[in-house]
Amino acid sequence: MYMSTISHDVPIGSGWRRSDGRVGLRNHVIAFSTVALTDRITSLAAARVKGVLPICPAFQRGLRGADAALQANMIKAVIAHPNVGAALIVTHDRAAAETLEADCLELGKPIIVLSLIAQAGMQSAQDAMVAHLQALKAEIAESPKTALHFSDLTVALECGGSDATSALAANPAIGRFVDRLIAAGGTAIVSETAEFLGGEAVIRAQSQSEAIAQDILGYLCIEEQMMRSDGTNYRGVNPTAENIEAGLSTLTEKTMGAFCKIGSNRFAGALPFGERPPVAGLHFMHTPFFSPTSLTGMVLGGAQISLFAMGVYNPSGMPLAPTVKICGNPKTLSNWPDGIDLDVSEIITGGSDYDDAANTILKLIGEIAGGKDTRAEEWREGQIIIPISQLPL
Amino acid sequence: MTKAKPSAALGARLSLQAHSRDNVATLLDAQLECATIASGLAIDRGIPFGHKVALCRIAKGSEVIKYGVVIGRATSAIRQGEHVHVHNIA
């Protein structure tokens, strides 16, 4: 039924088409340190070349089992991300550099892998990195852009600093935009498993199949078992006394305040952390609730942009993808005007509605694809954090 | 579908029905002495900011719908215009 509305898949801006078919909204040259040992020297080199984006996520050695596999996959996902046009990849030893080089062979973008131990001296190593970054920057400076369609977009849906206004303005406004995105063949990812507890009936009603609903509910079950093993009874304490005073009557009502970001769409799949959606449509991703971590998962799963609903101010983001901060709280808007991209407070005061907000979000995404920086980009906000589950060796 | 536009008519409380299927609306101002919402519906006085009001009669045991989904059921009969909260839904 969703395919019938593909005719709305109009160009909404422009971007850079990569060899894997995905389209970037950014053409970043990244200086990517793949192990914490090289983070400092990589960030020093990146700071010397204007426009280079440093990615230094303090990745560890000695990770075990699923953690090791996750970190290795997330390194590949950073490099392959559509918003990355070229990459200097820094590691410590020669063997790691050889592995990374092999991983990057088929990415079809300019990549240089540098092993720190193969250099000689801190200054000389840094100068070599600067030279590589300048060469990469020159190499992609003239890369042509192509049209960006709705169906090229994967949008991460996030909320943080939630309050009563997020549930009535920013989140439902995002939901209305997502209705259009999905109808036009686009993709959206929503995450933070803990926030879905209490939304089980909605998950069943808004999944494309019973099997998809069961996949999502399976993740909720894992989350609740984890809480129980820590002695936490989430359902027993929610809604909290504070929520009740604010007018929330049931856990489902509280959950829906965040859940309404998905609009009236049905889930097309459930994804583990950082995994790419195999088909278009709305996807659930199993992530922790801390927003830099959940954004990391959704962006490394391929989101080129995120829509971030705020009540009180939340400065987080994910450096690889523009983060659009959307707020409906007049006090937050007045205190943090240089940290917010879109004011939806008029939904509350009566001056506009969800459709107006969805139109504005669409227009803003076009402008951002055209080069407009989001506030988080201006401030160089954002982190890459992956969820490690066991003590490293 | 949903027209979420709240109207700020003079002398009426600001309220928002998040979805066209909803049988409750959320009050978005602190005019606690005011007894109507913009649609003209008479409501109880004193319902706080962020709290819900019934847009129609909700029988005991019936669904309470917000955001187009069932957020709970009435634990007692709820009058049109009555405050909807933990005392009458679960």
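Buried area is the accessible area, taken with a 1.4 Å probe, that two parts lose on being put together, summed over both. The structure described here is a predicted model. On this basis, domain 1 and domain 2 of chain A bury about 900 Å² between them, with 70% of that area on carbon and sulfur atoms. In domain 1 of chain A, the residues that lose the most area to domain 2 are Met74(A), His81(A) and Asn83(A), which together account for 47% of what that side buries.

The two domains span residues 28-140 (domain 1) and 149-378 (domain 2) of chain A. Their C-alpha centres lie 31 Å apart. Contact between them involves 12 residues of domain 1 and 11 residues of domain 2. The count of salt bridges between the two domains of chain A is 0, while 4 residue pairs, both members at pLDDT 80 or more, are in polar contact. On the side of domain 1 that touches domain 2, the elements giving two or more residues are strand S3 (28-33), strand S4 (53-55) and helix H2 (65-80) of chain A. H2(A) supplies the largest share of this side, 4 residues. By class, the side of domain 1 comprises 9 nonpolar and 3 polar residues, with no charged residues.

The interface between chain A and chain B was examined in the same terms. Chain A and chain B each give 26 residues to the contact. About 2100 Å² is buried between the chains, and carbon and sulfur atoms give 62% of this area. In chain A, Leu168(A), Ser249(A) and Glu253(A) lose the most area to chain B, together 23% of what the chain A side buries.

Across the interface of chain A and chain B, 2 salt bridges are found. One salt bridge pairs Glu253(A) with Lys52(B), with 2.8 Å between the closest N and O atoms. The elements that give two or more residues to the side of chain A touching chain B are helices: H5 (164-183), H9 (241-245), H10 (251-259), H13 (346-349) and H14 (354-369) of chain A. By class, this side of chain A has 12 nonpolar, 9 polar and 5 charged residues.

Definitions and conventions. Residues are numbered from 1 along each chain as its sequence is written. Chains are lettered from A and ligands numbered from 1 in the order in which they are written. This is a predicted model: local features need pLDDT of at least 70, side-chain atom pairs count only at pLDDT 80 or more; totals for chains, interfaces and linings use all residues. Side-chain values use heavy atoms; hydrogens and water are left out. Domain bounds come from an automatic or database domain assignment. Contact means heavy atoms within 4.5 Å. A salt bridge is a side-chain nitrogen of Lys or Arg within 4 Å of a carboxyl oxygen of Asp or Glu. A polar contact is a pair of N or O atoms within 3.5 Å; within protein, one must be able to donate a hydrogen and the other to accept it, and residues adjacent in sequence count only if both atoms are side-chain atoms. Ala, Val, Leu, Ile, Met, Phe, Trp, Tyr, Cys and Pro count as nonpolar, Asp, Glu, Lys and Arg as charged, and the others, Gly among them, as polar.
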